[in-house]
Amino acid sequence: MAKFTRKNAWDNKGTFDNPDLLWYAKAVGVMQSRALNDENSWWFFAAMHGEQMGKPEFPNWNTLPGFPKVPTTPLPNSGVIAKYWNQCQHQSWYFGPWHRGYLIALEEQIRQAVISLGGPQDWALPYWNYLGPEDQYKIPPAFTQKMLPDGKTPNPLFVTARYGPKSDGNIYVEIPPLSEECQGNTIYTGSNSATSLPGYGGPKTKFWHGGGLSGNLEKNPHNFVHVQVGGQDGIMSDPDTAGLDPIFYLHHCNIDRMWASWNVKNDNPTDPMWLQGPAAYGEREFVMPLPGSKEWVYTPAEMTTLANLDYTYDDLAPTTGPLLEKTLSQRLIKLGAEPIETETLQEQNMDLGSNSELVGANAGQVQIDGSGVKTTVKLEGSSWKNVPNSLMKASASNLPDQVYLQLENVKGTKDANILSISVNHQLAGHVSLFGLRSASDKDGHNGGTGLTFILNITDIIDNLFINNELDVNSLDVTILPDNAILPNDKITVGRVSIYREAQQL
Ligand SMILES: [Cu+2]
């Protein structure tokens, strides 16, 4: 039996009438009163996710405006820093389990502070279900009040550098691009002969502080929530400041809940390299301080199911993305074929799968400025010719190809942006640049290879084919930034490529 139940932050309209939020606010205040080098402090916890103390500009903690006043001294000793700080796992199959342990440790710190203030012994971290009905796409109002209900104590849940999707101080998320489509995935981490593929939970990596491809849960909604809540130079928009914002933990609590809900129907990896964590590769282990500076080392194996942990959620009802059988049937009808019988499609994913093959690429690196960029992908060889062939012959026993667009090695200095990508003037989708700066940093953990994104453009290819507009030689790809790009903040895309994947029953 779980001892603690995590509930919806929007209970009692997300105000301080929700006791989970009122006690959270007071306890965050307790943790914020502790020094940076205290392992039980708010600042130490944020630094365990990520920090940049030495940069001249944002995201250096010294440059953050307003409330709260974030300390950058006194530093812990270098051994403590090397052990605990900059641990967060992004663009990795450890994304889920590392953050689960991080939340457990923070929740334990907050609960002890709640109890010390005379609050409930069974306090649990609430979650922000931004994809829920009605007003839940907005940040719970308790986070936007400058004062606690007593009218004189500054509200520790309020943050100045939290600007929202339009960077105007209005904090909410936009649906779309946010979606829960990822919940329809069936594979945690995929693979083909050459490489590991992201799947739901992220690609196979060692200790990975960011760079490359996000898993689908991380890609959407996770990465969108970060940049939309933070906005330009907001602390949620960069992994090296995100843990400073109290909404961060309610966001990740919802991501953790989505993962647990996904596990109602789907399994986590059984690969020993996942179960044992990066320590299996001889790299850093996952470690957190528990109250009283006790050290807690954990592995993904210990995080894989809530049944082995002391908490649960008040709502784990599985939500599914679009049913793939249904989507495929609609597709076949559109292409002039009979719909498919249900159930047959095992292991189908919305992602680049195991049989994918490169069919074309643009000329090379392009730079995105404020007005966006247009580039042409040349399609070559017989493997691309298979795509129109497969569309022409589509039937329930001869499934049409899927087509994917990849933006490789996207680099830049500011995370708070979303790119809209179109193919031949049809919208293919959006990508969030959360993690871009650190993934582009040459001195960073992974040498600055940037971020990579995959979009499924099958629908667009089908439409072009049906309308007789599918140019067999090339496709035009347009990339537009949602927010302005200043001259010093240029974004580059290493290569734009197209893949096809033959489908099997
Ligand atoms: Cu995050």
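Which domains supply the lining of the largest cavity, with at least three residues from each? I took this question to the structure, which is a predicted model.

**Entry 1: the largest cavity.** I searched the whole structure and noted six cavities of 30 Å³ or more. The largest cavity holds about 70 Å³ of space. I found that domain 1 (4-313) and domain 2 (324-501) each give at least three residues to its lining. I listed the lining residues, among them Cys88, His90, His209, Asp240, Phe434 and Ser438. By class, I recorded three nonpolar, seven polar and one charged residue in this lining.

**Entry 2: the copper site.** I looked up the donors of the copper ion and found the NE2 atoms of His222, His226 and His252, at 1.9 to 2.1 Å. Along the sequence, I noted that these donor residues follow the spacing H-x3-H-x25-H. His226 belongs to helix α5 (residues 216-230) and His252 to helix α6 (residues 247-262), so this pair ties together parts that are 26 residues apart in sequence. I then checked accessibility. His226 counts as buried because its relative accessibility is 0%. His252 has 2% relative accessibility and therefore also counts as buried.

**Entry 3: the second largest cavity.** I noted a volume of about 60 Å³ for the second largest cavity. His252, a donor to the copper ion, is one of the residues that line this cavity, and Phe95, Arg100, Leu217 and Trp259 are also among them. Helices α4 (95-116) and α6 each supply at least two lining residues, and α4 gives the most, with five. I recorded five nonpolar, three polar and two charged residues in the lining of the second largest cavity.

Definitions and conventions: Residues are numbered from 1 along each chain as its sequence is written. This is a predicted model: local features need pLDDT of at least 70, side-chain atom pairs count only at pLDDT 80 or more; totals for chains, interfaces and linings use all residues. Side-chain values use heavy atoms; hydrogens and water are left out. Donors are N, O and S atoms within 2.8 Å of the metal (3.2 Å for Na, K and Ca); water is not among the atoms, so sites may look incomplete. Helices (H or I, at least four residues) and strands (E, at least two) are DSSP runs, numbered from the N terminus. Buried means under 20% relative accessible area, exposed over 50%, partly exposed in between (1.4 Å probe, protein chains only). On a 1 Å grid over the protein atoms alone, a cavity is a set of points where a 1.4 Å probe fits but cannot get out, and a pocket is an open set with protein on both sides within 12 Å along at least five of seven lines; lining residues have an atom within 4 Å of a point. Grid points are joined across faces, edges and corners, and a volume is the space filled by probe spheres set on the points. Ala, Val, Leu, Ile, Met, Phe, Trp, Tyr, Cys and Pro count as nonpolar, Asp, Glu, Lys and Arg as charged, and the others, Gly among them, as polar. Domain bounds come from an automatic or database domain assignment.
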